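This briefing covers how two protein chains meet. Look at the interface while you read.

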There are 2 protein chains.
Amino acid sequence: MSRKRWRSVKEIRIADVARLAGVSTATVSRVLANPDKVRTKTHDVVMEAVRRSGYTPNSVARNLRTRRTMTVLVVVPNLANPVFAQILRGIDDELTQSGYGLVIGNLDNCLEREPRYVDLALSRQADGILLMNGRIPGDGTRHMDEAGLPMVAMCAAISDERIPSVVVQDREASREAVRHLVGLGHRRLGYVAGPTGNVIEGERYAGFRQGVAEAGLGERDFVRWEGRFVFSTGVAAAEAFLRLKDRPTGIFAASDESAIGFLKTVRAAGLRVPEDVSIVGFDGIEFADYIEPTLTTLQQPLHELGRMGARVLLKMIRGEMKPEDWSVRLPLTLLDRDTTGPAPGRAAKPLRRRAV
Amino acid sequence: MSRKRWRSVKEIRIADVARLAGVSTATVSRVLANPDKVRTKTHDVVMEAVRRSGYTPNSVARNLRTRRTMTVLVVVPNLANPVFAQILRGIDDELTQSGYGLVIGNLDNCLEREPRYVDLALSRQADGILLMNGRIPGDGTRHMDEAGLPMVAMCAAISDERIPSVVVQDREASREAVRHLVGLGHRRLGYVAGPTGNVIEGERYAGFRQGVAEAGLGERDFVRWEGRFVFSTGVAAAEAFLRLKDRPTGIFAASDESAIGFLKTVRAAGLRVPEDVSIVGFDGIEFADYIEPTLTTLQQPLHELGRMGARVLLKMIRGEMKPEDWSVRLPLTLLDRDTTGPAPGRAAKPLRRRAV
DNA sequence: TGAAAAGATGTAATCGATTACACAAGTCGA
DNA sequence: TCGACTTGTGTAATCGATTACATCTTTTCA
């Protein structure tokens, strides 16, 4: 297929620099890694040679010899979801501080792509993995676990393995969402779900049901629509909602995107929000504050989540784990905005920002 | 700092597999790379040994020996912008098809982070680079260019170098946006800009001014607000807009996010869109269809852009470039939705989807 | 001043794969 | 049955850095 393989114009090795500087390769290496282990004079000569030759160390060779890459792999289920961009920012900040690099693997919602990234790490291209893929742990993760690869789960419940987890309190937050709706007088609820089998969805749904139970409501007092954490799920759920004879008045969506999809669709059908129906989202993405009415939602501490995940992984890589690092659970904040209001035939609104 | 370095439980090398199978390492390597170059019997014996030992090749060693990584680096200015998630999807599709992997480098809007990623590639951790950073080419890119590293610019105008570019027709599309507004009777315009010095911003602004000129308007017939491609820029621009005595009626924002920020702010101030002011965005992100009113915008062929960029880079890596690959320019589509309408004191609306 | 300690540098082994080359075994036609 | 050819496998060099150890130089201090 290929006519001629592409070749670098100049390919400078450490040996070339050594020759140019009149020293051994060991010295060049030392100048670059431990400048204080060589004489100042030598240092300057070598650095000059480095500059003149335009030398850049071949990190593949270095990684082979040192047996580490100073790189961490982050597996993201879907980059199009703005939630992950925020988390990645937190991860990156923490890693950079410690001299580590970051490689992002995007699953694009296809679990079939997972092995590709798992291999990347197994084949020593990364020193550790941050898994944000909320799947039930399968063969892939098991292999990594057996291979002893440092790894942190950034979604609930994989934690029952020997894998530490850094997560948000999905369950408690979902309960709070229900409590919020019930507090406004809503007695008939709707739940716009995430992907069935997803660990995070499982937590949020569990919290929702817990809230329902605590309100003294039962299985028949709510409707559940399956889907994913995307706009179109909200649209589909709303369409189903609109076909109901006895419609819920309080909706909890497991993601902001689906909440927004729902919102748009019911408004297009002529319903008023929050007068006819109240909606609570989950995530706290920036966009939720730019729609009309602004979305009541549970804000995740995304940046902090990223930082904590990276911090725990680094500890694991360095063999510095402490017992309390094995399970970190961060609280969320309820942003009480304009898509929630009293149930039809009720009164005013409470405060604005409340910790869960 | 670190108490004890973490160590893998079992570290299986190709030599271990060879011993287990009773063959040489060369044979194991061949079984894995060219299964048809070995006897079936041998193949089975080796594969069994691979399975039993749980061997995964060390790709760092392989990369060193073969002098390639089968990996491409993509430098993204800001992952939080949904535009890039879409482009990445296209890139990934194309690369996967050719057996290449993808590493994402996020600049997070800090140009200072660029050298980190440039080094990544210079140090042979990637076989090529896709640059989406719309900066004027600086030292970083020059080094890569000199090192002969295959690289494709996915933003306008770096193309005057020896670097191929795959871009959208920003300038033509912006002209079209102005033409659209002018066609609706708007004679006083506003331009919500991207970052000054950014190549893409330059193109879009040039197109805007070209459109203005073609409409027979002059420098005093429009206002320009500086900013970046984010929500808050739109908010700030709208605040400035609201303070004007003689307000424009047709606004062109260089990104959907800033258009949405603008929209929200002017509506909050009591203006009606499009009755009082029309707004055109640029990008065609999914969100733009979920706000109210839905945003008129120029839709980029994001997936296609990604595929083309990757395709050209692969050609470059393989030394298969043809003259027409050096400059690819993709057309956009004007999505005529609900934020644009006749200038105050004019009539109806034209068609819905128009190629630029 | 001289012996021991500390400091600077060089030599060569090493990381774990791939692959050119050599060689052995098997196949074929005359 | 013999060489020519094909096929399969092993030996060892190689990719480009790092680093243990040896060696040589300088400093320190009794």
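**Two copies and their interface**

Chain B can be laid on chain A with an RMSD of 0.0 Å, by a turn of 180° and a shift of 0.0 Å along the axis. The two copies are thus related as by a two-fold rotation axis. Both copies use the same surface: 100% of the contact residues of chain B recur in chain A. The model is predicted.

**Extent**

- The contact draws 67 residues from chain B and 68 residues from chain A.
- Together, chain B and chain A bury about 6200 Å² between them.
- Carbon and sulfur atoms carry 50% of that buried area.

**Charged and polar pairs**

- The rule finds 15 salt bridges across the interface of chain B and chain A.
- In one salt bridge, the side chains of A:Arg267 and B:Glu292 meet at 2.5 Å, N to O.
- The interface of chain B and chain A also has 20 residue pairs in polar contact, both residues at pLDDT 80 or more.

**The side of chain B that touches chain A**

- Several elements of chain B each supply at least two residues of this side.
- Among them are helix H4 (59-66), helix H5 (82-97), strand S2 (101-106) and helix H6 (114-125).
- Helix H10 (231-243), helix H11 (256-268) and helix H12 (302-318) of chain B also belong to that list.
- H5(B) gives the largest share of this side, seven residues.
- By residue class, the side of chain B that touches chain A divides into 28 nonpolar, 17 polar and 22 charged residues.

Definitions and conventions
Residues are numbered from 1 along each chain as its sequence is written. Chains are lettered from A and ligands numbered from 1 in the order in which they are written. This is a predicted model: local features need pLDDT of at least 70, side-chain atom pairs count only at pLDDT 80 or more; totals for chains, interfaces and linings use all residues. Side-chain values use heavy atoms; hydrogens and water are left out. Contact means heavy atoms within 4.5 Å. Buried area is the accessible area (1.4 Å probe) that two parts lose on being put together, summed over both. A salt bridge is a side-chain nitrogen of Lys or Arg within 4 Å of a carboxyl oxygen of Asp or Glu. A polar contact is a pair of N or O atoms within 3.5 Å; within protein, one must be able to donate a hydrogen and the other to accept it, and residues adjacent in sequence count only if both atoms are side-chain atoms. Helices (H or I, at least four residues) and strands (E, at least two) are DSSP runs, numbered from the N terminus. Ala, Val, Leu, Ile, Met, Phe, Trp, Tyr, Cys and Pro count as nonpolar, Asp, Glu, Lys and Arg as charged, and the others, Gly among them, as polar. Copies are superposed by least squares on the C-alpha atoms of residues with pLDDT of at least 70 in both.
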